[in-house]
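Subject: Structure handover

Dear colleague,

Here is the structure you asked for. My notes follow below it.

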Amino acid sequence: MRQIKILADERNAEALSDMLMDAGAYSATIEDADAESTDEKPLYGEPGFEPDNCAWPRSIISILADDDFDINTSLAIAVKALKCELPDILESETVEDVDWVRVTQAQFQPTQVSDRLWIVPTWHDLPNQNAINVRLDPGVAFGTGSHPTTHLCLQWLDANVKPTDNVLDFGCGTGILAIAAKLVGAASVTGTDIDPQAVESAHDNAVQNHVEAEFFLPNDMPEGQYDIVVANILANPLKILAPALLGRVKPEGALVLSGVLAHQADEVIAAYRAIDPKMTLSVWKQEDDWVCISGRRA
């Protein structure tokens, strides 16, 4: 099997990916060619702010295909059909045949959040039988408990959830925050995500943990406010979503935000203060370059 990387622009990356799949490639993914540089461009898909193109100005298309896949002919046909310039082939290399399920699973190890809380993938034995163990199968959704942003939110929930709290996990991914909140004592938990596969994954993980939880797509979310609203997303979407998130917080309720780099904290806090000066947000804790912001409505 071969992995082939192609440099394309945002106008043609999606269409080229689709045509290469039609030509026989097993998979195609699109990445930002300028990731982790000063030219990196954020790309989001929050409700009402969906991008016109799911690609970046300079996009790398990575495909997996058989060794005899004719990339040159396939690209020539695609370019003629799309009436675009021929993209550059950056590299083509042999990929060893491996058990990708095992490789993927090996990336996710049990994570200790606190003295009493662990996040444990379903394929691992429990490191501590007496702990509160969240059993998780990430699937295709974000949230394994290992990233600092998720870790920070879990720590906040473990330290602050009360038995009377109802909790909203906004952008729930795997449902990890909602499930953990329920296991550490919340009265009820709800989650929402724009990705149907994430909602399905969250539901399956709740069942796995014998937790009562409800997960919804945004348009299906019931009206109502919550004692705790937690959102682990990214700084720019959090600023865009400030009105929606603040609208879900009860009087005297708590708001918890993560996915924010330390140097972005002030601008995120300012965006929320501009809408609701009674929401007194501040940095709760920092891990590596990431922070968790929290506060209560006065």
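The protein chain has an accessible surface of about 15400 Å². Carbon and sulfur atoms hold 49% of that surface. Accessible areas come from the Shrake-Rupley method with a 1.4 Å probe, and for residues only the protein chains shown count as cover.

Some ground rules first. This is a predicted model, in which local features need pLDDT of at least 70 and side-chain atom pairs count only at pLDDT 80 or more, while totals for chains, interfaces and linings use all residues. Residues are numbered from 1 along each chain as its sequence is written, and side-chain values use heavy atoms, with hydrogens and water left out.

Overall build

The protein chain contains nine helices and 14 strands. Both are DSSP runs numbered from the N terminus: helices are H or I with at least four residues, strands E with at least two. Of the 298 residues in the chain, 45% are buried. Buried means under 20% relative accessible area, exposed means over 50%, and partly exposed lies in between (1.4 Å probe, protein chains only). Now the contacts (heavy atoms within 4.5 Å). Among those with a separation of 6 or more, 66% join residues 24 or more positions apart.

Salt bridges

There are seven in the structure. The criterion is a side-chain nitrogen of Lys or Arg within 4 Å of a carboxyl oxygen of Asp or Glu. Three of them are described here, starting with Arg116 and Asp158, whose side chains meet at 2.6 Å, N to O. That pair links distant parts of the chain, 42 residues apart. Arg116 sits in the loop between β5 (111-112) and β6 (117-121), and Asp158 in helix α4 (residues 148-160). Arg116 is partly exposed at 37% relative accessible area. Asp158 is buried at 14%.

Next, Lys250 and Asp227 form a salt bridge at 3.6 Å, N to O. Lys250 belongs to strand β12 (residues 249-261) and Asp227 to strand β11 (residues 226-232), so this pair ties together parts 23 residues apart in sequence. Lys250 is partly exposed, with 28% relative accessibility. Asp227 is buried, with 18% relative accessible area.

Then there is Arg297 with Asp276, the closest N and O atoms being 2.7 Å apart. Arg297 lies in strand β14 (residues 290-297) and Asp276 in the loop between α9 (265-275) and β13 (279-287), so parts 21 residues apart in sequence are tied together. Arg297 is buried at 14% relative accessible area. Asp276 is buried at 13% relative accessibility.

Cysteines

Cys292 is buried at 0% relative accessibility. Cys172 is also buried, at 3%.

Backbone

Most residues other than glycine have a negative phi. Which residues have a positive phi without being glycine? His210 is one, with phi near 55°. His210 lies in the loop between α6 (196-208) and β10 (214-216), and is exposed at 76% relative accessibility. Asp288 is another, with a positive phi of about 55°. Asp288 is found in the loop between β13 and β14. At 59% relative accessibility, Asp288 is exposed.

Best wishes
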